[in-house]
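Welcome, and please load the model in your viewer. We will go from stop to stop, selecting a few residues at a time.

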Amino acid sequence: MTRSYAPRAAITAACDASGVTRLTRLRSDGPLAVRETPDAVYLVGAAASPLGGDDLALDVEVGAGARLTVRSAASALALPGDGPSRMTVRARVGAGAHLDYAPEPTVAARGCDHRAVTSVELAADATLRWREELVLGRHGEAPGAHTARFDVTLDGRPLLRHALDLTDPSVYTTAPVLGAARAVGSVLLAGPGLTTEPHTAEGLSVLPLTGPAVLVTATAADAATLRRRLTTGAERASRTPAPAC
Amino acid sequence: MHPSLLLLADSRLPAGGHAHSGGLEPAVTAGTVTDIPSLTAFLRGRLATTGLVTAALAAAACALAVTATEPVEEDRLPGLPRAGGATGTGTPAEAATHRASDPPPSGTTTGTVNRATVTGDGGLAVAWEVLDAEADTRTPSPAQRRAARAQGRSLARVALRTWPSAALDVLARQGAHHPLVLGAATAAAGGGPRDAASIAAYGSVTGGASAGVRLLGLDPLGVNEALGGLAAAIDAVAAEAAGYAGRPWAELPAPSAPVLDLYAEAHAGADLRLFES
Amino acid sequence: MGAHFGHGADHHAATPPGGRALRLGIGGPVGSGKTALTAALCRVLRDELALAVVTNDIYTTEDADFLRREAVLSDDRITAVRTGACPHTAIRDDISANLDAVEALEQRHPGLDLVIVESGGDNLTALFSRGLADRQIFVLDVAGGDDVPRKGGLGVAAADLLVINKTDLAPLVGSDLELMASDAARVRDGKPVALTSLREAPGAPEVAAWVRRVVAGSREHAPA
């Protein structure tokens, strides 16, 4: 029996007549609490969420010309419970708008069965920074099952479809997927002026996509190293290529 | 399986595969594959990620190519279905129409394929472009996109010679991703989406296995034994992939292999390498 | 420098379809001087023929880099193909990567007269597929042993031109040039053999003359 606990939270940002971004809607629901601070909207969910059986959803809307930054106060902990848990995030970023979405990592605790589904729709000249980080288990703990699917469109055309399936250790611990890494994450940057040159370093790839976007992916032994690698990669991706001599 | 399809699956098919290691050469360089057990694990990981993506794309391409070769009459086409209407049980024509018109998951949109594009000649080219873009979006590594297109070109050349078809013509012109060409070639050789998925899933591990024999001097009998041990997993991936053939392309699986992406880019910039990818 | 055996008759029936370049394969064992010969031909012929080169390297882009460093052709006329540790496969069993490279060069440079495909160093049985090369040269060197021509092998026996290179080394390595030439003539059934020393005649004049003839011949045979 799966309990039907389905909190729905929402953040809407719009640009007013004077060009200032206003939060026109801020809806908290259950463990998905959202708080406005001077520099960002924070997700301040209860520490123990999502819990098996939860079906959480967050809607983010950034109106034309507006700028929104979303952070979280702490890591999310995916825990086992009554059936699988699910977190659905849907974001729409309007013309000329910018969304910077970078919550703290999700930790897949022992026995969890979590699915994260994210879709982002970008208008033609919208820009984006979207970070996702996942840590496999708390310290010394074998993780539960975690799958993530990330779909991004730009002006109605697909830009990136990227999934991570961490259900079968005999698959995800192999060399092509994660190897021995315990943390994995990505930063998607979309917009003009990004690098067109791929780059790799230990546990880090900077991958220019076919559209005007760069996917930075990293794997690491721990969350701190993962963050450092993603930050390095994102800086690299944002570096405008030097003009040819 | 029909002998034509065996030809298509044969590693001796002159389609350029021998010069691609599927990321195995950089894995050997990095020291993560050193023997048959680590090679087997590598292939298992590759199969479940890249293998599933390419098998699903190949199955979808095969379904589209089959649709294109059948006369599609207006009255055979159902009305544009609503969300959730695609079950994969319809005729290829229905499947293509479903695929083309269903809203993709989570409200994302795919572009502009509709019934007209699937039935018209120029429109068919658009449908192939849309599917090719779906392959691009599931291949974040530029080096892997280049390798997929290079292998697609080589396969189109040999397939057009042996099993000429309109779909292969279009794909050769577009320089499409390998799994699309494989799907169209499977259709032209008389196979269906499940066949295309099987050949793609099988091909996702045999190239790396052969590269392992060449790069590490592994016992070919042992490597063959390892491939035999993967047969059930290959079949399961093919079955899962083929299950998407009637569904909207946006829903096709996209499991990533982050380290494989890293390997692909590191390899493209390496001085010492024997394989193209 | 060097003697020319045989009458130069052309046993190879294939002629390139009209409108495209003649494709010339250059094969032979490692170290026999394929890249040096390719560079020599480029230097001698580049002013009279529109040329491009595909290298098949067994390990690195060194050969292509060599050709570029020597500035025998501009960079965009040289393409390096990797062969997955199987140089013979890339020129014989599965020629697709080479065909891709040749066609890309032909597209980039309309009106090419000649595309040279240089094989990675391989064994004596490596032959170019007729699907890839219209004509082929097999390069041996005297230091590889003067019994090699006698033993034959597909490359020695069947190539359109056999080049026995580094003749200047013959006295140093104790190889008998006359023996090599006569053995070669026998196993080659009259097809031409050229003895060359790129050190003494850097332009490989005899090989260049043969290439000029086959390019001219392919033009004659090509449909108008």
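A residue is called buried under 20% relative accessible area, exposed over 50%, and partly exposed in between, using a 1.4 Å probe and protein chains only. This is a predicted model, in which local features need pLDDT of at least 70 and side-chain atom pairs count only at pLDDT 80 or more, while totals for chains, interfaces and linings use all residues. Residues are numbered from 1 along each chain as its sequence is written, chains are lettered from A and ligands numbered from 1 in the order in which they are written, and side-chain values use heavy atoms, with hydrogens and water left out.

**Stop 1: B:L216**

Select B:L216, which sits in helix α10 of chain B. Helices (H or I, at least four residues) and strands (E, at least two) are DSSP runs, numbered from the N terminus. With 28% relative accessibility, B:L216 counts as partly exposed. Contact here means heavy atoms within 4.5 Å. Leaving aside residues up to four places away in sequence, B:L216 touches B:V28, B:V33, B:T34, B:D35 and B:A211. Now pick out B:V28: its C-alpha atom is 8.0 Å from that of B:L216, although the two are 188 residues apart along the chain.

**Stop 2: helix α11 of chain B**

Next, select residues 220-229 of chain B, which form helix α11. Which of its residues are buried? They are B:G222, B:V223, B:A226 and B:L227. Look down the axis of α11(B): these buried residues fall within an arc of 145°, so they line one face of the helix. The arc is that of the directions from the helix axis to the C-beta atoms. As a reminder, an α-helix has 3.6 residues a turn, so residues three or four places apart point the same way.

On the face turned away from the buried side, you will find the exposed residues B:L221, B:N224 and B:E225. At the start of α11(B), zoom in on B:D219, where a side-chain oxygen reaches to within 2.9 Å of the backbone nitrogen of B:L221.

**Stop 3: α7 and α8 of chain B**

Select helix α7 (residues 142-162) and helix α8 (residues 166-174) of chain B; their axes come within 9 Å and cross at roughly 145°. Axes are lines fitted to C-alpha atoms, for helices over the stretch in contact, and angles run from 0 to 180 degrees between N-to-C directions. The contact is made by B:R149, B:A156, B:A159 and B:L160 of α7(B) together with B:L168, B:D169, B:A172 and B:Q174 of α8(B).

B:D136 lies in helix α6 (residues 121-137) of chain B and counts as buried at 10% relative accessibility.

**Stop 4**

Move to chain C, which has nine helices and eight strands. Buried residues make up 55% of its 224 residues.

Select C:A85 in the loop between β4 (78-82) and α3 (87-93) of chain C. Its phi is near 65°, a positive value in a residue other than glycine. C:A85 counts as partly exposed, at 32% relative accessibility.

Finally, select C:D189 in the loop between α8 (177-187) and β8 (193-195) of chain C. C:D189 has a positive phi of about 55° although it is not a glycine, and it is exposed, with a relative accessible area of 58%.

Methods
A polar contact is a pair of N or O atoms within 3.5 Å; within protein, one must be able to donate a hydrogen and the other to accept it, and residues adjacent in sequence count only if both atoms are side-chain atoms.
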